[in-house]
Amino acid sequence: MKRIKTYNFLNIVMAFAMTIFFSCNRSLEDVKKLGVSENEPIGVAENINLKYTDSGRVTANLKSPKMLDYSNRSFSYMEFPETVDLDLFDEKNQKSNIKADYGIYYQSTGLIDLRGHVVISTASNDTLFAEQLYYDDEREWLFTNKPVTFRQGQSIINGKGFDSDSKFKKALVLEIDGILPVED
């Protein structure tokens, strides 16, 4: 009886091994993908506090509770699902700040999409409020077609879009209304 059980066991093991051997027709790339689902991030970072420097001087400080790295996708990106807080420092070490509830950075295009209570405060006390705002990293350009409020000095301008360089030197609020001081 023991010999029959051993024989059956060996047959089952042999059948299993042969099935695995002959069914392995996947390419090496398919096998590599089995380790990480294409829908899952390749990396997760929590409580990040990244400092960017140029010649020893801090130029930016990015803080976020969570960052998801999707560089394993053909169109790679980094997602910040739980707020973004970015301090930017100019040549005179003056600080501007960008805050948003959510952010996503597309690495191949250099486009940043900020959403939910987006607030940009500059060192010169200009402030932009928006529900969604895009930043083109290569051109250093901000834009949106969503409603915005732009406060510059005593002026409060509401509009249905915004287009500007990153320093607000060429700021344009689209379809405006608001409070503008007028000299007599």
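Q: Which residues does Ser121 touch, not counting residues up to four places away in sequence?
A: In this predicted model, Ser121 touches Ser96, Asn97, Asp126 and Thr127 when residues up to four places away in sequence are not counted. Contact means heavy atoms within 4.5 Å. Ser121 itself lies in strand S7.

Q: Why is Ser121 called partly exposed?
A: The relative accessible area of Ser121 is 27%. Buried means under 20% and exposed means over 50%, with partly exposed in between. The value of 27% falls in that middle range, and Ser121 is therefore called partly exposed.

Q: What is the separation of Ser121 and Lys95 along the chain, and what is it between their C-alpha atoms?
A: Ser121 and Lys95 are 26 residues apart along the chain, and their C-alpha atoms are separated by 8.8 Å.

Q: Why is Asn97 called buried?
A: Asn97 has a relative accessibility of 13%. The cut-off for a buried residue is under 20%, so Asn97 counts as buried. Asn97 lies in strand S5.

Q: What makes the approach of Asn97 to Asp85 a polar contact?
A: The side chains of Asn97 and Asp85 are joined at 2.8 Å. A polar contact needs a pair of N or O atoms within 3.5 Å, one able to donate a hydrogen and the other to accept it. The distance of 2.8 Å is within that limit, and the pair is therefore listed as a polar contact.

Q: Which residues is Asn97 in contact with, leaving aside its neighbours within four places in sequence?
A: Asn97 is in contact with Asp85, Leu86, Asp87, Val119, Ile120 and Ser121.

Q: Which backbone atom does the side chain of Ser96 reach?
A: The side chain of Ser96 reaches the backbone nitrogen of Ala123, at 3.2 Å. Ser96 is found in strand S5. Apart from neighbours within four places in sequence, the contacts of Ser96 are Leu86, Asp87, Leu88, Ser121, Thr122 and Ala123.

Q: How do you know that S1 and S2 are paired strands?
A: Strands S1 and S2 are joined by eleven bridges in the antiparallel sense.

Q: What lies between S1 and S2 in their hairpin?
A: Two residues lie between S1 and S2 in the hairpin, and Ser55 in the turn has a positive phi of about 55°. Ser55 is a residue other than glycine, and its place is in the loop between the two strands.

Q: Why is Ser55 called exposed?
A: Ser55 has a relative accessible area of 76%. Exposed means over 50%, and Ser55 is therefore called exposed.

Q: What makes His117 count as exposed?
A: The relative accessibility of His117 is 54%. This value is over 50%, so His117 counts as exposed. His117 is placed in strand S7, and has a positive phi of about 50° although it is not a glycine.

Q: How do you know that S2 and S3 pair?
A: Two bridges join strand S2 (residues 57–69) to strand S3 (residues 77–80). The requirement is at least two bridges, so S2 and S3 meet it. These strands run antiparallel, and Leu68 stands opposite Glu79 in S3.

Q: Which strand pairs with S3 over four bridges?
A: Strand S6 (residues 102–106) pairs with S3 over four bridges, in the antiparallel sense. Tyr77 has Tyr106 in S6 as its bridge partner.

Q: How many residues line the largest pocket, and which lie nearest its centre?
A: The lining has 37 residues, of which Leu86, Leu88, Ile98, Tyr135 and Ser166 lie nearest the centre. Among the elements that give two or more residues to this lining are strands S1, S4, S5 and S7. The space in the pocket is about 1300 Å³. The lining divides into 20 nonpolar, eight polar and nine charged residues.

Q: How many helices and strands does the chain have?
A: The chain has two helices and 14 strands. Of its 184 residues, 29% count as buried.

Technical notes:
Residues are numbered from 1 along each chain as its sequence is written. This is a predicted model: local features need pLDDT of at least 70, side-chain atom pairs count only at pLDDT 80 or more; totals for chains, interfaces and linings use all residues. Side-chain values use heavy atoms; hydrogens and water are left out. On a 1 Å grid over the protein atoms alone, a cavity is a set of points where a 1.4 Å probe fits but cannot get out, and a pocket is an open set with protein on both sides within 12 Å along at least five of seven lines; lining residues have an atom within 4 Å of a point. Grid points are joined across faces, edges and corners, and a volume is the space filled by probe spheres set on the points. Ala, Val, Leu, Ile, Met, Phe, Trp, Tyr, Cys and Pro count as nonpolar, Asp, Glu, Lys and Arg as charged, and the others, Gly among them, as polar. Buried means under 20% relative accessible area, exposed over 50%, partly exposed in between (1.4 Å probe, protein chains only).
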